[in-house]
Amino acid sequence: MSWERIPGPGIKVCRDFCSKSGDGGYGRIFLASALLLLPSFALALPPSPPTIPQQKTLEESVWLAESDQLDTLEKAAARLVQENPYSAYGHYLLAELYLKEFKQSPSQLRYLKQASELGQQAMELSPREEYGYIVSAQVLDLMGYTDNALSILEGDSKVPMRESWRVDFLRGQLLTGQTTESVVLKHFDRSMKADAQARNIVIPYVIATMQSHSHGEDLIGDLRVWRERYPHELFDLSLAIALSDNQKYLEAHQIYAQLQKTHADLTEAFINDGIILYSQLNKPKEAHKILSEILEHKGLDVSRRTLVLAHMASLQLQDGRKPDEARKLFAEAITMAKNPMEWVAFSHRAYEKHQRLIDFVGLLDDLRPVLSSSSYLYALQGEVLSERLSLHDRAIESFSSAILLDPERSEFYNGLGLTYYRMHQLDKALAIFNEASKLDPQDATARYNEACVLAILGRTNEALGSLKAAIGLDPRLQQTARLDKDFSSIRVTEQFQSLTSTNPVTAGRP
């Protein structure tokens, strides 16, 4: 038999790199575990940039801005232009913010137009400064004219443009994906050598470039080299993450511990260290202390707070003495999360690991009133009750509720059918699998489950027909069928041997 898992995002390894034009402002480095057995890491980003519009700080803030900071920064940049209408620098900063707005909402062409106009004004105000050319090159790149954008930076203009860290920085971005990693990094390296204060802006792009080309020991080696060349907390943080990724937890912990002493606002170092301490280094008390303290940090955003609460809940489960506290913490984390089903999946794995699935069923009861995806929660609850706890009557209630709320989801019917299958009520199971197939004729799982029940009932020809249809929809089911004990009564038939061979199968009945 086959059960199509409840859909919804899992917690997975993910790195969201900056684009060659710098969308989002900088490369994000985010790791989270695919299994509870591995640590889940926070965003390896610098602390939120300050909003005080000092010129150097303002530029850094503009390049590193998150979406929720754009309005505040736009006002600061606009004020700079108002105070000095002849400031090419002010026009450049305001244009960069409009470019960010456009990258977030590409249908809003007005942002691209405003940025282009501001870039042109910056060139007219200071034709030898790089500000306007930087903006114009990015506009051309966003329009698909990357070669033209690079030409602007190479000095094709009749007026010589001043070279600066910004020029090499943008060259590196524009060349990403068009040339080798070493060439891109060379431009970033020159940019940081030209102006040490630009390193906060450039280093995230260096890290993202290395992560997109290197893995494992190679990535660790590259990060060590750049960390020695340009000592910076982001290289420390990224190296610790890479070490953890390669199960070198003690060395990662040592780096995190040092970061906590020198960078009290780098919340990621505290969070990641707390996770490693309880999940890998068997130091739950130290982990609890760190995670509890970081919850009080004023700069903790919703994503990080969700992460901390979920791991504190997992830590409580590991301790085993306060299951109610774990349930409360999980509920708080999931209800505030931007992607709640992701953290439902995380909590599921935690409860499964610690063999407390009946408590997970209770957590799902708590979550239903506050989550819009309650039909999925009912179905997930039904799966756990039937497949793992053998509480089939309660599972039938849960699946029935899921179907009542969302009657068009064939996977819910598959779950209900499997519950009856486990109860050996095969006629009911078959009727429900038939219903799933009617709802979604492309549901290979439903057709496969039909075939299993029909084979057990001795309805050989019908079983072979359903199996052929299932394999036609998903050829991977050939291997599943070869090993499935439900087909023991028909395994020796010529038709079954033909269907489960590696030759292509056409959907339909034999």
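The report below covers the chain as a whole, then the aromatic rings, then the charges over rings.

The model is predicted. The chain has 510 residues, and 53% of them are buried. Its secondary structure consists of 26 helices and zero strands. Of the contacts in the chain with a separation of 6 or more, 58% are between residues 24 or more positions apart. The accessible surface is about 23,100 Å², and carbon and sulfur atoms contribute 49% of that area.

Searching the whole structure gives 18 aromatic pairs. One of them is formed by Tyr 98 and Tyr 111, which are stacked, with 6.2 Å from centre to centre and 25° between the planes. Tyr 98 belongs to helix H3 (residues 88–104) and Tyr 111 to helix H4 (residues 109–125), so the pair links distant parts of the chain, 13 residues apart. Tyr 98 counts as buried because its relative accessible area of 12% is under the 20% cut-off. Tyr 111 is likewise buried, at 13% relative accessibility.

Ring pairs also join Trp 63, Trp 165, Phe 169, Phe 188 and Tyr 205 into a cluster.

Arginine side chains lie over the faces of two rings, listed here.

| Arginine | Ring | Distance from the ring centre |
|---|---|---|
| Arg 110 | Tyr 111 | 4.3 Å |
| Arg 229 | Trp 226 | 4.5 Å |

Note on methods:
Residues numbered from 1 in each chain as written. Predicted model: local features only at pLDDT ≥ 70, side-chain atom pairs only at ≥ 80, totals over all residues. Heavy atoms only, no water. Phe/Tyr/Trp six-rings, centres within 6.5 Å; stacked < 30°, edge-to-face > 60°. Helix = DSSP H or I, 4+ residues; strand = E, 2+ residues; numbered from the N terminus. Buried < 20%, exposed > 50% of the residue type's maximum accessible area, 1.4 Å probe, protein only. Lys NZ or Arg CZ within 6 Å of the ring centre and 35° of its normal. Contact = heavy atoms within 4.5 Å. Areas by Shrake-Rupley, 256 points an atom, 1.4 Å probe, with all protein chains shown as cover.
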